Amino acid sequence: MLRVLDRYLLREVIHGWLAITLILWFVLISNRLVRYLAAAAAGELPGDVILTLLAVKTFWFLVYIMPFSLALGVVMALGRMYRDNEMAVLGACGVGPARMYQPLLALGLVLAILLGWMALSVSPDVSAYGAGVEKRAKQAADVTLLMAGRFNSIRGGRMTVYSERLSRDKTRMENLFVHVEGDPRKEKPAQVLVADSAYRMTDPDTGDEYMVFVDGTRYEGTPGEAGYRVMDFHEQGVRIEIEEKTGFLSRESNVPTATLIDSPHTVYIAELQWRLSVPISVMVLLVLSVPLGSVSPRQSKHSGMVIAVLVFLTYYNLLGTARAWVEQGDIPPLIGLWWVHLLPLLLAFLLLQRVRLVRMLRPGR
């Protein structure tokens, strides 16, 4: 059974934790929603997949913001207790910062186990699903932009398609004009195609999207020069190239953890250590949050929170920097991201020693 103090402290912490998590989630998901709506308005993303992508993003955001929000919840709860002199009363009863760690670390351990399972087991599958949904949606959007009676740019603007009308069953475009830009680096000249009709096809083996033009003529050559090639064709397929970088999640985040463990590549090692940092950061930030929550009643209401946010953001930025160094081979994987976790623990030790020293030097001792 939890003691009265433990229940009181956990209630205060959990209320702040949930409130901060909700605020951070709302900010992040609103930003992502604006991006998706802009992509949908530009025709780069079908509107019917936005909610699916937001759900996947919600899961990913929660995994990585909950350690941060829990630590801020502890700082906010302890800061209020210090300002209301509740900690002074508890100190007079022999309850110090070390006693606060018992319920907090128990809560942190439960959350660390949950987030560790999510980061190592569930998150790769969710990330892969979301990346696949977005890629398929962008492929579909890139092709469905081919509306009759207007010029449509696809393949990153390298191909322009105009069709006079759609067939009655809406599966074919009729009377087409197509311009494909050349690529001097690959010595590919520009092309112009005219065709009676065209339809969309998906390769069952590779999943690539093609536009198949039927009964037409292809003109190939460099504008301004007389050396043109003219070829008639019955059917000709043109691959609809989709950019691989969808901006959803990195490819490494979609790789199963078992594959990362067996891989010697530094990129995969960095991704594995990044996932392991999720449960570790829960405990590290909790240890640091207790001394950071120690404020004077005369201090500003938000001074402790501001300092905590700066310290926590520095910790996360160092993790990202260390991850990049491991990926690039600048530091050995044995050192990896582990040294970053030691810095907050060292800072927590120094802050706790400072609090202890101040109490020993306080008048009346």
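Predicted model: local features only at pLDDT ≥ 70, side-chain atom pairs only at ≥ 80, totals over all residues.
Start with the second largest pocket, which holds about 580 Å³ of space. Its lining has 22 residues; select Trp-60, Phe-61, Tyr-64, Ile-65 and Trp-274 to see those nearest the centre. Now colour the helices: H1 (4-41), H2 (50-83), H4 (97-144), H6 (266-292) and H7 each give at least two residues to this lining. H2 has the largest share, with six residues. By type, the lining divides into 13 nonpolar, five polar and four charged residues.

Next, look at the rings. The structure holds seven aromatic pairs. In one of them, Trp-60 and Tyr-64 have ring centres 5.0 Å apart and planes at 45°, so this pair is tilted. Both residues belong to H2 and are four residues apart, about one turn of the helix. Tyr-64 counts as buried because its relative accessibility is 16%. Tyr-64 also pairs with Trp-274: the centres are 6.1 Å apart and the planes at 25°, so these rings are stacked. Since Tyr-64 is in H2 and Trp-274 in H6, the pair ties together parts 210 residues apart in sequence.

Finally, follow H7 along residues 303-328, a reach of 38 Å from first C-alpha to last. Its buried residues include Phe-312, Tyr-315, Tyr-316 and Arg-323. Just after H7, stop at Gly-329, where phi is positive, about 80°.

Note on methods
Residues numbered from 1 in each chain as written. Heavy atoms only, no water. Expected span 1.5 Å × (residues − 1). Buried < 20%, exposed > 50% of the residue type's maximum accessible area, 1.4 Å probe, protein only. 1 Å grid on protein atoms, 1.4 Å probe; cavity = no way out; pocket = protein on both sides within 12 Å on 5 of 7 lines; lining within 4 Å. Points joined across faces, edges and corners; volume = space filled by probe spheres on them. Nonpolar A, V, L, I, M, F, W, Y, C, P; charged D, E, K, R; others polar. Phe/Tyr/Trp six-rings, centres within 6.5 Å; stacked < 30°, edge-to-face > 60°.
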